[in-house]
Amino acid sequence: MSDFATILTNTADGVATITIDRPKALNALNLQVLTDITDAATAFDADDAVRAIIITGSEKAFAAGADIKEMADLDFATAYRADWFAGWERLTNVRKPVITAVGGYALGGGCELAMMGDILIAATTAKFGQPEINLGVLPGMGGSQRLTRAVGKAKAMDMCLTGRMMDAEEAERSGLVARVVAPEDLLTTANEIAATIAAKSLIASAMVKEAINVAFETTLEQGLRYERRLFHSVLATNDQTEGMAAFVEKREPNFTDS
Ligand code: HXC
C-alpha cells in the first residue's frame with residue numbers, strides 16, 4: 001500500500017493495522033487523517049489478503065479529537081456544502097470487521113472514531129470523552145448517536161453536557177468497551193482478536209456485522225426477520241457446508257470465503 005502522510009499501515013497474516021501518526025497534535029483528526037484512514041480502510045476492505053482491520057493510535061492518545069485548529073475558522077456555508085465529517089461514512093461502510101484499540105485520550109472525534117469500529121478494546125490508560133461542549137459546539141462525528149446507543153441516555157447526557165472524561169473501567173462497565181487490558185497488552189490483544197476473526201469465513205463475519213448493525217437501525221420485528229433471511233442465505237455458501245461438515249467430522253474447517 002502506498003505511503004500516507006498521517007497514518008502508518010501494516011499487513012500481516014490477514015490482519016491490517018492502521019496506526020494514526022500525528023504525535024505532535026495528539027493524533028488530532030484533520031481532513032488529511034480522515035482521507036488517509038478512509039482510503040486505507042477502503043483499500044483493505046477490497047484486498048483479499050486482509051480479513052480484519054485494526055485502528056489504533058499512540059500510548060498517549062488514540063486521537064484527541066477533530067483538529068480544533070483546522071475547524072477554528074470553519075463557517076457554516078463551507079461545512080454544510082462540503083458535508084463536513086460525512087467522509088467518515090467510508091469507514092463505517094467497510095464490511096470486514098474493524099477493531100479499534102484505544103490507549104490514552106479518545107476525545108471528541110477520537111471517541112467517535114473509536115465507536116465507528118465493531119469491537120472497541122481499551123488499555124487501562126484510556127480516557128473517553130465528548131468535550132465539544134467546552135468549545136461551544138457539540139459532537140459532529142456521531143458522538144450524540146453512537147455513544148447514546150452504547151451507554152444509554154443517562155451517561156451520554158452526562159458526558160456530552162459536562163464534557164467529563166470516562167476512564168477505561170467505567171467505559172467497560174457502561175458497555176462502551178468490549179475488553180480492557182494492560183497498556184502493554186493492547187496491540188497483542190487486538191491482534192489476537194483480529195486473528196481469531198481472520199480464521200472465520202469472511203462471508204459469515206460480514207453477515208454478523210451486518211445483522212448486528214441492523215439492530216441499531218430498525219424495530220425488533222424487522223431486525224429478527226432480517227437476521228432470519230441472512231441465516232437462510234448463508235445456507236447457500238460453501239463455508240456453511242464446510243463448517244458444519246468439519247464439526248461432524250471432528251476436524252478444523254477450511255473456509256474458502258465462497
Ligand atoms: C488540534 C490538538 C488537539 C485537537 C491536542 N492538540 N488536541 N490540536 N486539535 N483536538 C495539540 C495541542 O494544541 C498541542 O499542540 C499538542 O496537541 C499537545 O497537546 P497539549 O494540550 O499540550 O497536551 P496535554 O497538556 O497533555 O493535554 C492533552 C489534552 C488536551 C487533555 C487531550 O490536548 C485537550 O484538551 N485537547 C483537546 C480535546 C478536545 O477538546 N477534543 C474535542 C475536539 S472537537 P501545540 O502546538 O500547542 O504543542 C471534536 C469534534 C468537533 O472532536 C465536532 C463539532 C464540529
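Buried means under 20% relative accessible area, exposed means over 50%, and partly exposed is in between (1.4 Å probe, protein chains only). Keep that handy for the views below.

This is a predicted model, in which local features need pLDDT of at least 70 and side-chain atom pairs count only at pLDDT 80 or more, while totals for chains, interfaces and linings use all residues. Residues are numbered from 1 along each chain as its sequence is written, and side-chain values use heavy atoms, with hydrogens and water left out.

**View 1. Confidence along the protein chain.** The mean pLDDT (the predictor's confidence in each residue, from 0 to 100) is 97 for the protein chain, and 100% of its residues reach 70 or more. Helix α2 (residues 68-71) has the lowest confidence, with a mean of 96, and strand β5 (residues 98-102) has the highest, at 99. Helices (H or I, at least four residues) and strands (E, at least two) are DSSP runs, numbered from the N terminus. As for the overall scores, the model gets ipTM 0.97 and pTM 0.97.

**View 2. Lysine 155 and glutamate 170 pair up in a salt bridge.** A salt bridge here is a side-chain nitrogen of Lys or Arg within 4 Å of a carboxyl oxygen of Asp or Glu. In this pair, the closest N and O atoms are 2.7 Å apart. The pair links distant parts of the chain, with glutamate 170 sitting in helix α7 (residues 168-173) and lysine 155 in helix α6, 15 residues apart. Glutamate 170 is buried, at 10% relative accessible area, whereas lysine 155 counts as partly exposed at 25%.

**View 3. Arginine 164 reaches aspartate 158 in another salt bridge.** The closest N and O atoms of this pair are 3.0 Å apart. Salt bridges with shared partners join Lys155, Asp158, Arg164 and Glu170 into one network. Arginine 164 is partly exposed, with a relative accessible area of 26%, and aspartate 158 is partly exposed too, at 29%.

**View 4. A salt bridge joins arginine 51 to aspartate 257.** Their side chains meet at 2.7 Å, N to O. Arginine 51 is in the loop between α1 (31-46) and β3 (52-56) and aspartate 257 is in the segment after α11 (238-248), so the pair ties together parts 206 residues apart in sequence. Arginine 51 counts as buried, at 15% relative accessibility, while aspartate 257 is partly exposed at 26%. The whole structure has eleven salt bridges.

**View 5. Negative charge gathers on the surface at Glu59, Glu184, Asp185 and Glu192.** Patches are made of residues with over 30% relative accessible area and no salt bridge, joining like charges within 9 Å and nonpolar side chains (Val, Leu, Ile, Met, Phe, Trp, Tyr) within 5 Å. Aspartate 185 lies in the loop between β10 (179-181) and α8 (186-198). Its relative accessible area is 34%, so aspartate 185 is partly exposed.

**View 6. Ile68, Leu135 and Val137 make a nonpolar surface patch.** The patch covers about 260 Å²; accessible areas come from the Shrake-Rupley method with a 1.4 Å probe, and for residues, only the protein chains shown count as cover. Look for leucine 135 in the loop between β8 (127-129) and α6. Leucine 135 counts as partly exposed, at 48% relative accessibility.

Terms used. Lys, Arg positive; Asp, Glu negative; His and termini not counted. Charge placed at Lys NZ, Arg CZ, Asp CG, Glu CD.
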